[in-house]
Amino acid sequence: MSQRSVACTGAQVLRHFGDLADQWQPDWARFPAQFYPIWQHRHWQRCDLLWVGTLASMAARVLTKGIWALCNPRFVPVGCSSHGHLSVAAAQIKSPQIQADINATDKILSQPLETEDFFRLSELFSLKDLFDARVHLGHKKGCRHRLMQPYLFGCRLDQDIIDLDQTVEHLRLALNFTAHVAYRGGIILFVSRRRQFSHLVESTARDCGEYAHTRYWQGGLLTNAPIQYGPGVRLPDLVVFLSTLNNVFQQHVGVRDAAKMNIPTVGMVDTNCNPSLLTYPVPGNDDTPLAMELYCRLFKITVNRAKDKRQQMELLHGLMTPPPPPTQSS
Amino acid sequence: MAASCARTVGSLFGKCGTCSSNINTITSRLSRQICSSSALHRKNLAAAGPEKFTVEFIQKQVEEFNIGKRHLANMMGEDTENFTQEDIDRSIAYLFPSGLFEKRARPLMKHPEEIFPRQRAVQWGEDGRPFHFLFYTGKQSYYSLMHEIYAKIQGLERQQDRLRAKGLLSSDAKPLSLGSSRWIIKEELEGIVMETVTDHDYQRFLQLMERLAGLPQAGAEGAEGGEGVWVLRFRQQLEAQASRQAVAALQADAQGRAFSTAEGRRKTSNSSVVLRDGGSGRATVNGSELLSYFPVFQDREQVMFPLQFAGVLGRLDVEAQVSGGGRSSQAGAVRLAISRALLGFLSEREMENMRQAGLLTPDPRVRERDKPGQEGARRKFTWKKR
């Protein structure tokens, strides 16, 4: 069985094994694994190795089908029917209302994925806006990180200049991804350790209804969350780094931790930063107030736009009752 | 093969004893092979923290308490509606008399809020999204307070910039008057914020508040008056020491002479003194003259010192009653009583002078108890080398 990362809950797969799921849940399945993908990935790897032998091979086949089936929810009934006595009662009678809701939700979630720029985020900024906000200015040649070489346009009087064509492209991808995450109701965490912009980042997060962390990063925040916050806590689905360095010019711990916990990251990387662990690095200046205000504004607009779009889609497909009209105050 | 498979699966899933039954149903008739030592079952109980109670459990306890309260009132034949906590305590002490010395071990019936430790409410909603935007920092209340302070500082600075641009900046605006108050201490901040505050966090908080309070417009009226009032929430008023002294009021007797009464204690002596005005400076102790009651000069000096310090030696008559203790402690008790009685005849400034001289401070020294294994309170038995 290939060791690919699984994007579904271990508990869901276990339910396919009927009474096994009913009676017992291992520690790592008690916490829904979409919040701890690393757990279920590691354990499924181990499970792959252990399920050998007569029962194990049958279970492994079932497991493969089960995982594949869950990743394609449309094919669940097909997958279930071949399992025989090991499958849970596939003939669950769903009321037409719930079925309609499920169809509507599927449509809402799949429709944005069909268009290239569903949220029209390329209109939000242009290369000239980035230039005016001094996004192209990097640090001196001596501070340059080796891995930032491909993103540089050149070096003038010892100061690195970032290639704004690439920045535009990366920023578009990053904003698009952020919009999709916000559209699906994901938790976005804005992180920056620059004291100068801490208030700005926190205000941005508050204004778009998301979360911020511009303070001292406690070690087990992402990796030890159920102990620190309480069982059942939900981790962020996206971490946006408005500056990837901390106060001593080392890479922020959150970059590594998010990579460990399989949480995608978006980050503004300056010429002295390491872009390798970020999912969507965006080369750009992170020292100028003007540039930071531009980024915050862009992210705020993106998230708000995505959430509004989601509300619109839900209203359109009849999932949500429209809010009562505001009372007239005379 | 299947048996070994079961055991390895069992060791993977480890602690649950129920897992074996699941494997039985799946593998149907595999015998229970898992034999693990008690070391595997031992949990780190300390790491789990204090016991947690769910909201439903606490609610059920509250309902049971209310019903029990009514039953108890019925049993005692009292009004079920207005049965207070004191009535409950009294009834329980009557129905369950206990000779235990430890009060916390006696039978108890209190509201569950007082018995079960307060739990932090769950910080996120049904969909898992936390309520507070700084939830992931770990100390949301403290950091949101810092955020708010900084927002106020920025607002004031921007306002100053605007006024300066228009040329309306008045240089006579003074900062907050912080003379008679102090910043709250770390424990008080923890009480406000309901979170652990480290020393470093507390220092940062103080720095930020000092910065806000030091801004010129912070104390002015108008919109900034809000800031001033808000900052004073984090200050504690200091009370002047002397104003707390209780002053014995002057009374007048039948002839119209003013007199005041006060009491004093020293070691095991108790004394009560009446100071009368318009006399010739005579002193009487327990009915006899001062000279005959206190033959030793030191005792007479102690008794007369407050009057000499205040300069009223020839004016006031002293009538003292004293009991208990020895000669020196009786003299000290009378001296304290005279000082207290004198306060009614003196002004604020003279009272402060007396306090500074130490005349109003009761002497806390009492005889230290003897300890077992020692000769006296401090003296040890003779040490012998062999």
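Analyst: Beyond its neighbours within four places in sequence, A:His213 is in contact (heavy atoms within 4.5 Å) with residues of two chains: A:Leu189, A:Phe190, A:Val191, A:Ser192 and A:Leu221, together with B:Tyr136 and B:Thr137. The model is predicted, with pLDDT of at least 70 needed for local features and 80 or more for side-chain atom pairs, while totals for chains, interfaces and linings use all residues. Residues are numbered from 1 along each chain as its sequence is written, chains are lettered from A and ligands numbered from 1 in the order in which they are written, and side-chain values use heavy atoms, leaving out hydrogens and water.

A:His213 lies in strand β5 of chain A, residues 211–213; strands (E, at least two residues) and helices (H or I, at least four) are DSSP runs numbered from the N terminus. With a relative accessible area of 0%, A:His213 is buried; buried denotes under 20%, exposed over 50% and partly exposed the range in between, for a 1.4 Å probe and protein chains only. The side chain of A:His213 also reaches the backbone oxygen of A:Arg215, at 3.4 Å.

Leaving aside neighbours within four places in sequence, A:Phe190 is in contact with residues including A:Val201, A:Ala205, A:Tyr211, A:His213, A:Leu242 and A:Phe299. A:Phe190 is also among the residues with the most contacts inside the largest nonpolar core, alongside A:Leu242, B:Ile149 and B:Phe205; this core has 65 residues. A nonpolar core is a set of buried Ala, Val, Leu, Ile, Met, Phe, Trp, Tyr and Cys residues joined through side-chain atoms within 4.5 Å. Helix α13 of chain A (residues 289–316) supplies the largest share of this core, ten residues. A second, separate core of 29 residues includes B:Leu316, B:Leu342, B:Met351 and B:Leu359.

Chain A contains 13 helices and eight strands, and chain B contains 14 helices and eight strands. Of the 330 residues in chain A, 47% are buried; for the 386 residues of chain B the figure is 33%. Among contacts with a separation of 6 or more, residues 24 or more positions apart account for 68% in chain A and 62% in chain B. Chain A exposes about 16,900 Å², 56% of it from carbon and sulfur atoms, and the accessible surface of chain B is about 25,000 Å², with 53% belonging to those elements. These areas come from the Shrake-Rupley method with a 1.4 Å probe; for residues, only the protein chains shown count as cover.

Methods. Polar contact = N/O pair within 3.5 Å; in protein donor to acceptor, adjacent residues only side chain to side chain.
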